[in-house]
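Subject: Structure handover

Hello,

Here is the structure I said I would pass on. My notes follow below it.

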Amino acid sequence: MTPAERVHAVLVTYNSAAVIADALKSLPDTTQTTVVDNASRDATASVVKGMNVPIFVSSSNIGFGNACNLGAREAEREFLLFLNPDARLQPGALDALVAAADNNANSAAFNPRLLRANGSQFFRVRSHLFPETKRAKRQTPTGDQDIKILSGAAFLCRRALFEEMGGFDPHIFMYCEDDDLGLRLRKAGWTLRYVHDAVVVHQGNQSSAPSDALEFTKAYHEMRSRWYTAVKHGVGFSRAGKLSQSVVNWLSAVLTMNRARRIKNAAHIKALLEERPASDET
């Protein structure tokens, strides 16, 4: 059995028509794949269907983690690959990830080497759930190593362990779901692993056109997720901490709008604060 035949890939889309085809084409043909679409308003579903890839189209935006969980329920293979729609596997990446899993029995999840579109490497070393990483140096690794923090843009996970952990926390709409899952895996005694020879190019921020409402939504959900996960894991914050900064970002997204723009987006903002679906982008 080839490495690709042991993997089920899950991709969650939201207005991702411009990028999803390249992501799907980057997967080996024998990889089992499921796309979950979070009520896109563009042609995402049509693009995926045109490539004969199974897709579940949600009637509403159920959030990133919940959509991943939905896609993972279709899997029967040994490994789950979670891949952002604006990310592309490079040749040999999946083989390297599966080989790392075979060679590191104590590791639960595996991050590839993530490259930005300009070729520079992105490597996470800080998380609000790990206060000791607050001043960690951004030194990128040159070889395989254990890591503290997962990057959700692309990672391989043992399906049995993902299911044992209950998948992504369903209370997290978006942001911090990767930190939360990684911390739960570590608390259960597993390690996380970086795989240098597995390369994935991640364009970033390619899922929808920018707008006041969208920027507010992102800031709002980041604040909620940071707050929720901090309380869940008993992590404290200083005034200058990441949580405080996320609150500032959220408020700034509204306050920097001029009066006319605030009025235009008032219904969307009110809907978010009342925790019901908004009529604009969510």
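Which side chain meets that of arginine 226 in a salt bridge? The partner is glutamate 222, at 3.1 Å from N to O. A salt bridge here is a side-chain nitrogen of Lys or Arg within 4 Å of a carboxyl oxygen of Asp or Glu. Helices (H or I, at least four residues) and strands (E, at least two) are DSSP runs, numbered from the N terminus.

This is a predicted model, in which local features need pLDDT of at least 70 and side-chain atom pairs count only at pLDDT 80 or more, while totals for chains, interfaces and linings use all residues. Residues are numbered from 1 along each chain as its sequence is written, and side-chain values use heavy atoms, leaving out hydrogens and water.

The structure holds ten salt bridges. One joins lysine 232 to aspartate 180, with the closest N and O atoms 2.9 Å apart. This pair links distant parts of the chain, helix α7 and helix α6, 52 residues apart. Lysine 232 also forms a salt bridge with aspartate 169, at 2.7 Å between the closest N and O atoms. Asp169, Asp180, Arg184 and Lys232 are linked in a network of such bridges.

Lysine 232 is partly exposed, at 34% relative accessible area, whereas aspartate 180 is buried at 0% and aspartate 169 is buried at 6%. Buried means under 20% relative accessible area, exposed over 50%, and partly exposed in between (1.4 Å probe, protein chains only).

Regards
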